[in-house]
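Welcome, and please take a moment to look over the sequence and the model below. We will walk through a few places together.

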Amino acid sequence: MDSVIAHNAGQLLELVERSVFLGFWRLDAREGRLYWSEQLARLHGAPAGYMPTFDNAMSHYAEEHRGELQARILACQEQGTPFDLEVQLHTMQGRRIWVRCVGQPLRDEHGAIIGTEGLVQEIAPAGYQPGTLMRHTVSMGGALGGAEAFATIDRQGRISYANVQAEQLLAAGGEPLAGRKIWSFFQKRARLRLEERFIHALEKREAIELEELDAQVSHWLELRGFPFGAGLALHLRDVSSRRKAQQHLMLLEGSIARLNDIVIITEAAPFRAPGPRIVFVNEAFERRTGYTREEVIGQSPRFLQGPDTQRPQLDRIRAALEQWERVRVDLINYTKAREPYWVDLDVSPVWDDARRLTHWVAVGRDITERKRDEEKIQYLAFYDPLTQLPNRQMLLDRLNEAVSETANGRDGALMFIDLDNFKVLNDTLGHQKGDLLLQQVARRLRNCVAKGDLVARLGGDEFVVLLENTPEKPLDPLTAAQAVSHRILEALGEPYVLPGYLHHSTCSIGVTLFGKAPSSVSELLKQADLAMYQAKAAGRNAVRFFDPEMQAVATENAALAADLRMAWRDNHLKIEYQPQVGMDGRMTGVEALLRWEHPNRGLVQPDQFIPTAEETSLIIPIGHWVLEAACAQLALWARRPDRAHLSIAVNVSVRQFRHPDFIDEVMSCVRRAGVPPGKLKLELTESLLADNLDAAIAKMRNLKDMGVSLSVDDFGIGYSSLSYLKRLPIDELKIDRGFVKDILTDGNDAAIAGTIIGLCRNLGLEVIAEGVETEEQRQFLARQGCHRYQGYLFCRPLPIEQLEAFIARVEGDAGLRPEPSSVAS
């Protein structure tokens with residue numbers, strides 16, 4: 001009886017090996033002898049009974065994998081560490097195939113390690129996408145010229161190439177194969193079905209896999225087809241012996257029970273309800289699912305399914321089983337505790353001698369960790385980790401879909417949202433509080449839109465809302481954008497509670513509509529961005545819609561920026577100086593003024609190109625250059641007693657003043673030139689005081705401590721809050737030319753100028769009026785108490801050479817006198 005059981009067990013082991021393309025091995029540590037099963041010899045292309053030494057066995061494996069495999073086997077034998085590797089081996093026929101090597105310690109009755117045993121299973125390489133020609137080519141390497149049967153068919157199913165091995169399998173009589181339809185080689189009752197399958201695979205450019213009985217020599221062929229440019233590449237294998245083994249499939253114990261992969265065997269009942277019943281599960285199934293063998297025998301495998309099990313994959317399995325075909329899917333199953341897990345499931349039919357289906361064998365590898373990693377990668381690819389909003393990539397995908405020709409005329413609105421003065425918060429309170437603010441903004445934005453609308457974060461403090469008109473959510477894009485934008489303005493204008501701080505913020509929104517005319521994604525993004533900048537220019541906390549005029553302005557600004565970069569690079573920017581005079585008419589200093597003469601545009605006014613320089617950050621190097629030039633000129637004048645009293649006023653832009661290195665730059669310019677700091681006067685605009693006043697005052701105090709003079713330029717037309725004026729460490733206020741121009745005819749201008757003069761007198765500040773063009777204006781200002789002036793009444797801005805000549809000409813006079821043609825045009 002025992003001999004019968006042993007004989008059956010041996011047949012069972014051989015059957016299992018053939019069914020799942022694996023071979024068994026055992027390494028006896030005491031005798032140093034290696035045992036191979038016959039199937040393992042076949043995998044290596046070796047004759048039956050081939051028993052190599054350990055070193056010879058290792059020589060079959062690819063050099064890049066050999067060292068790791070040897071180390072793993074040694075660790076298993078010495079420390080009892082099991083292993084599971086995917087490696088490549090070289091068969092004796094020269095093929096390179098991918099295999100899975102599994103090993104575990106072999107122990108005696110006392111638990112001592114006496115050797116190692118394991119399994120080798122042929123697989124497709126894990127690094128290539130399933131169903132692709134690349135995976136087929138790598139996995140079946142050597143098929144074109146080696147021992148593997150290989151053929152190609154054209155798009156009509158005709159054989160266009162066959163190697164010698166394919167000819168031997170398909171044409172027993174040696175007749176030519178070229179031009180014959182591939183399905184003609186199989187039995188008549190299957191030809192129509194095979195023709196339909198091949199035509200479908202050729203038309204759909206899909207892979208095909210089947211096992212079918214050859215019509216000529218009556219052996220079973222396994223055929224795998226993979227699409228390529230001219231048709232299908234076919235790999236053929238004689239699997240008659242495997243099919244014969246499958247006919248004797250019985251309940252499996254032994255080796256298959258020790259596999260790490262889950263194994264389920266069912267009877268061959270129809271797939272419709274109640275469906276096939278389980279007749280066997282292995283230990284790996286019990287460990288992974290939590291079900292015992294007794295609990296599942298006799299049940300349908302459907303009990304492993306749950307709410308997230310994919311219906312399309314189940315339909316694939318059903319369709320394959322109804323056709324008695326093998327199928328492989330990635331499927332979500334559930335444990336006894338109803339926890340989901342992923343399994344790479346391979347389901348194969350088993351036949352008897354009469355070609356009757358007897359069983360289904362399902363082998364599954366747990367791929368839950370791999371799927372989790374894929375989900376993490378997918379999330380990182382399409383979502384912003386800080387706000388949990390979709391990122392730029394997902395926005396571009398959705399926008400591409402919305403504007404594509406296949407979108408059936410879908411229209412909608414794209415909204416750019418930019419937080420106002422967010423950089424100030426980051427710079428003053430730190431990035432941690434800035435991140436908390438962005439997270440709150442994200443939540444508020446989601447609450448402002450309907451389900452199906454997209455809210456994305458582009459980066460920094462830039463957000464985007466995409467509204468689409470769809471059959472499920474019809475909307476008028478203009479009306480919807482107006483409503484949503486106003487909700488956003490209101491929501492983002494509410495105070496934000498940050499740790500130890502209540503923050504108030506606003507946003508600027510740019511909107512563009514799409515769908516009425518063809519538009520590209522890049523065009524829409526530029527339009528929404530332009531509209532957003534228009535909202536910024538309008539004073540922030542505003543909404544602006546894109547129109548073509550914006551594009552024209554943007555195009556002109558871009559051209560101006562390009563010309564300005566070229567002018568800076570080619571040294572075409574110049575500095576002119578306009579004298580400032582005192583009550584006695586003598587010069588007290590000059591103001592340095594930037595000038596740009598363009599070969600085509602002519603003289604470009606500062607109010608045209610200075611904002612462009614600000615936007616492009618060219619103002620930083622340009623401003624530094626002006627500072628260097630002013631200090632160098634002061635150094636020249638310091639050597640002349642008749643010029644040493646003169647100061648130079650330099651305008652400082654907002655971006656230049658807020659640059660973190662600005663104070664160091666001023667200090668280095670003054671020190672290198674060796675001039676008294678008080679002779680350098682920095683004229684600051686009121687606009688830089690509108691944001692983060694405390695930081696601006698601190699920087700001004702640092703400059704003041706260096707000895708540099710500070711003046712507020714164009715006072716009265718900007719922020720102009722008396723509450724901050726008393727806090728500013730300044731020396732001078734400058735009355736804007738706009739008030740001086742009509743000071744004799746406009747009572748309001750006269751009143752404002754008088755108020756500024758009185759304010760300076762009470763605060764102990766110097767005051768100077770710019771744009772003085774007539775003697776009457778000067779006399780009026782003098783009566784009010786302003787005794788320092790700048791304007792065409794005395795001198796227009798001059799290059800330094802002409803300025804030096806002008807100063808020399810008026811030296812010795814009582815002071816500057818108005819020029820006959822002093823009135824500006």
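Predicted model: local features only at pLDDT ≥ 70, side-chain atom pairs only at ≥ 80, totals over all residues.

Residues are numbered from 1 along each chain as its sequence is written, and side-chain values use heavy atoms, with hydrogens and water left out.

The pLDDT is the predictor's confidence in each residue, from 0 to 100. Its average over the chain is 83, and 86% of the residues score at least 70. Residues 1–20 stay under 50, and the model has 27 contacts for them beyond four places in sequence. Over residues 126–146 the pLDDT is also below 50.

Back at Q310, you will find this residue in the loop between α11 (293–296) and α12 (311–322); helices here are DSSP runs of H or I with at least four residues, strands are E runs of at least two, and both are numbered from the N terminus. Q310 counts as buried because its relative accessibility is 17%, the cut-off for buried being under 20% relative accessible area (1.4 Å probe, protein chains only).

Now follow the chain to helix α14, which has 12 residues, 392–403. Its buried residues are M394, L395, L399 and A402. They fall within an arc of 130° seen down the axis of α14, so they line one face of the helix; the arc is taken from the directions from the helix axis to the C-beta atoms.

Key. Contact = heavy atoms within 4.5 Å. Buried < 20%, exposed > 50% of the residue type's maximum accessible area, 1.4 Å probe, protein only. Expected span 1.5 Å × (residues − 1).
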